[in-house]
Amino acid sequence: MANSFTRMMSGRNTAVMLASVGAGALASGYLLSDMTAAAERRRAYPPSADFPDLRKHNNCMASALTPTIYARLRDKTTPNNWTIDQCIQTGVDNPGHPFIKTVGMVAGDEESYEVFAELFNPVIKDRHNGYDPRTMKHPTDLDASKISSGMFDERYVLSSRVRTGRSIRGLSLPPACTRSERREVERVVVTALSGLKGDLSGRYYSLIDMTDKEQQQLIDEHFLFDKPVSPLLTAAGMARDWPDARGIWHNNEKNFLIWINEEDHTRIISMEKGGNMKRVFERFCRGLKQVEQLIQERGWEFMWNERLGYILTCPSNLGTGLRAGVHIRLPFLSRDPRFKKILENLRLQKRGTGGVDTAASGDTVDISNLDRLGKSEVELVQLVIDGVNYLIECEKRLERGQDIKIPSPIPQFRK
Amino acid sequence: MPFGNTHNQLKMKFSSEAEYPDLSKHNNHMAKVLTPAMYERLRSKQTPSGFTLDDVIQTGVDNPGHPFIMTVGCVAGDEETYEVFKELLDPVISDRHGGYKPTDKHKTDLNSNNLKGGDDLDPNYVLSSRVRTGRSIRGFCLPPHCSRGERRAVETLSIEALASLTGDLKGKYYALKNMTDAEQQQLIDDHFLFDKPVSPLLLASGMARDWPDARGIWHNDNKTFLVWVNEEDHLRVISMQKGGNMKEVFNRFCTGLTKIETLFKERGHAFMWNEHLGYVLTCPSNLGTGLRAGVHVKLPNMSKNAKFEEILKRLRLQKRGTGGVDTAAVGGVFDISNADRLGFSEVELVQMVVDGIKLLIEMEKRLEKGQSIDDLMPAQK
C-alpha cells in the first residue's frame, strides 16, 4: 500500500539524486513565494533589520556569519522549506562560553548543507581543522578486517565503545521534521532492526509505551536517554513532540544499541566491557552494514555524499560521525604534566566517565578520537588503538620509574 | 518562525492522521478541545503572517500538563490567529473563561473614578497593592512568531512613547543587553528585573528566541510604574506600591495606560483590541482585560480556616504565594487577586478585589478574636 511517503519520495527523486552527488546544484535554493502578505512583511524588514546581534557570541556560526552572507541567504529555502534563520537559531540563543567554542547551527535536512553552503562551509572548516568541503573528499571505510592490534591490556582498559549516527535520506532531520516524518523514521528503522539475526537479534522499546519496569532496567544498564535539557538542543527544536516516535533498540547480548530520534534519526552504539576494541568495531561495522542492507531492501538509504560523508544534524558529526573510545585507568600518566600534549599530538581527547562535559572520577578517564571528518572509520579507530596502546606504554614506563616521550604530532588530513 | 511558515507546505504532503499529535497523556485546554477532524480542517490554514495550527498548539503538545493544573496549551502568533483558528480557540476560551461565548461582548472600562472605595485597605494586613496588564501593538507579530526586526521595532516604538511621559510618570529605559552590573543589581533589589523564561510552557512556544535582543524594562523615577518590553507579551504594564491604597495604584495604572495608548496612536499605532475579545495578548488566558489586580495580605487565621477556598471561589478571587504564580505562601502572607480576565471590565475586576479583601480582613479580625464568620459568608458573585 503506497503511503504518503512513497508518493513523496518518487516526486523528490531528482532532488535526492542531486543531493547524493553533492553537486551543489541546489546552491541557488528556492525563493519564498512572493505572492503573500508574509512576503510584504519581509520586504518591510530588510535583512539588516533582522541580522542577529552576535557581539557577545563565541561559536563557529557567529565567527562565520556576516551581514552580507545573511542578506544573501535569508530569503532562501531548502526543498522542505527550511530557512537559514531556523539553522542558526540555536547559535543566536546560545552565545557560548569563552573557553568552549560550540558549533552554533544545525541542518534541517540534507539540502541545508547545499542551499546554505556559504555559511556551512566556513563553519565546517573551523570545526574540522581546515577541512574544505569545496575541494576535499571524505573517505568512508567500514572494513573492520583492516584493524591491527585491537586488543588492549585489560589491567588498564575497563571498557570499549564505538558510536556514530545515521540519517534516513528523504526525511527531514530532528530540528525540522514533522510528526509523521519522525514516526516514519521510527517505522523504517524498527522494521529493519527486526530483521537482524544471531548475536544481533534484539528488541525495541518505544519511549511512549515503555513500562516502569522496562524503564528502570534501561536506566540501570545506562541505556536510557532522556528528553534533552541542554539549551543548545532545545533551541534547535529537536525536543518537539517528546516522546512521540522516540525509542531505544538493543540486541539480546546488550552490546549493540540504537537510539531512535534523539539528536539524530539514529545513533548506533557498539560496546562491551574489557579491551577488545577490534571485536567492538567488527560488530559495529557488521551491524551497520546489515541495517543499511535491510533499509535498502525497502527502498531507503542513508544520507551520504563524497564531500561530507555521512550527513547528520550537527556539523560537528559530519564525515564518520564516529567516536571510538575507552574507559581507561591511568593513575600516573593522568597526573603527568605532559599528558595533555601527548593526547593532543595523538589526536585524542579526554572526557570524564559520564561523557561530554563531565569530570574524570578517580584515575579513570574516557579517551576517544578528536576528529570526525577527513579520515575514515578504519583510520580513526586505528588511531585510537595505536594511541591508547601508546598511553598504556607510557603508564607502564612511569610505573617502573622510566621516562616517557611526547610523540610527534599525527598529520591531520590525507594529502 | 517569522516570514511565513512555508514549512507548513511540507506537512501538507503527509496525511492528517499521520501528523495528528499524540495527546493521550495530556491535560490542557487545547488537548481537551482538539479532535482529529478539527485538526484536518485547520491544518491547511495560516494567518497572513504565516502562523499555523501546529505553531498554535506546539506548546500544548510539548507540555502534557499536570492532573491538577489545567494549562491553556496554545498561543497566538498574531492578532489574526484568534480569527483563523476560531474553531479551536473559541472553545478553549470558553473553557478557560467561565463559559464565555463566541457572541459575547467584552466591556473595557479604564475610568478609575468608577471604582468605589479602595483607598483604605487596612495597612496592618495589606502589605502592598499591584495592578498589571499586557498590551500588544497592532501590526506586529506576537512573541512566539515575531522576527528580530519586528521585535526591535516594537522596542524602538515603546522607548519613544515612554520617553514622552512626564510628571510622576517620567522615567528611564534599561535594555537587557546594555545593562551595567550596577543597574542590573538595582533592578534585582527593586524586584523589577525579569529574566529569560525558563518555564517549558513558554520556551516551547518560541517566545525566548534571540534573548536578550530587544528586551528591556522601563520604570518611572518613583518606581511605582513599570513596563516590561518583549517578555511574554509586547508590553506588560505594572502599577504598584507598598500599603493598601489600591485606588491610587489603579488611578496611576489607568492614567499611565491611557497616556501610553495616546502616545502610540500619535505615532500611528493602536493596541490590538476588539469588541469580542477585548485586549488581544499572546496567551488566551490573558484576553479581555489581561488584568491581575492583587495585594500581598496577612491572613494567617483565614488560611487555616476550612472555608478559605470556598470563600475565595465565591468572591471570584485566587490565591498565590508571594513569589507569584506557582509559589507557596510564606508566614501566612498571600497574594490575593482576581481570578477572571475576560467578560468583566477593569473597574469591575478591581472592585471585586477591593470588596473581597475588605471582607477577608473583616473575617480575619473575627477569627483573631475567636468569633464566628458564618454570618459574613458571601454569595457566589
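**View 1. Residues 42–129 of chain A are 50% helix and 2% strand**. Across this stretch of the predicted model, the end C-alpha atoms lie 37 Å apart. Helices (H or I, at least four residues) and strands (E, at least two) are DSSP runs, numbered from the N terminus. UniProt, in an unreviewed entry, places the feature "domain: Phosphagen kinase N-terminal" at these residues; UniProt positions follow the numbering used here, feature names are shortened, and annotations may be inferred rather than shown by experiment.

**View 2. An open sheet of eight strands in chain B has the order E2-E3-E4-E5-E1-E8-E10-E9, with antiparallel pairing**. Its edge strands, E2 (171–175) and E9 (317–320) of chain B, each pair on one side only. Two strands pair if DSSP finds at least two bridges between them. E9(B) is joined to E10(B) by four bridges in the antiparallel sense, and B:Leu317 has B:Asn338 of E10(B) as its bridge partner.

**View 3. Strand E8 (residues 292–298) of chain B is largely enclosed by the rest of the structure, because five of its seven residues are buried**. Buried means under 20% relative accessible area (1.4 Å probe, protein chains only). Six bridges link E8(B) to the antiparallel strand E1 (residues 126–135) of chain B, where B:Ser128 is the bridge partner of B:His296. With E10 (residues 333–338) of chain B, E8(B) pairs antiparallel over five bridges; here B:Lys298 stands opposite B:Val333.

**Notes.** Residues are numbered from 1 along each chain as its sequence is written, and chains are lettered from A and ligands numbered from 1 in the order in which they are written. In this predicted model local features need pLDDT of at least 70, side-chain atom pairs count only at pLDDT 80 or more, and totals for chains, interfaces and linings use all residues, while side-chain values use heavy atoms, with hydrogens and water left out.

Key
Buried means under 20% relative accessible area, exposed over 50%, partly exposed in between (1.4 Å probe, protein chains only).
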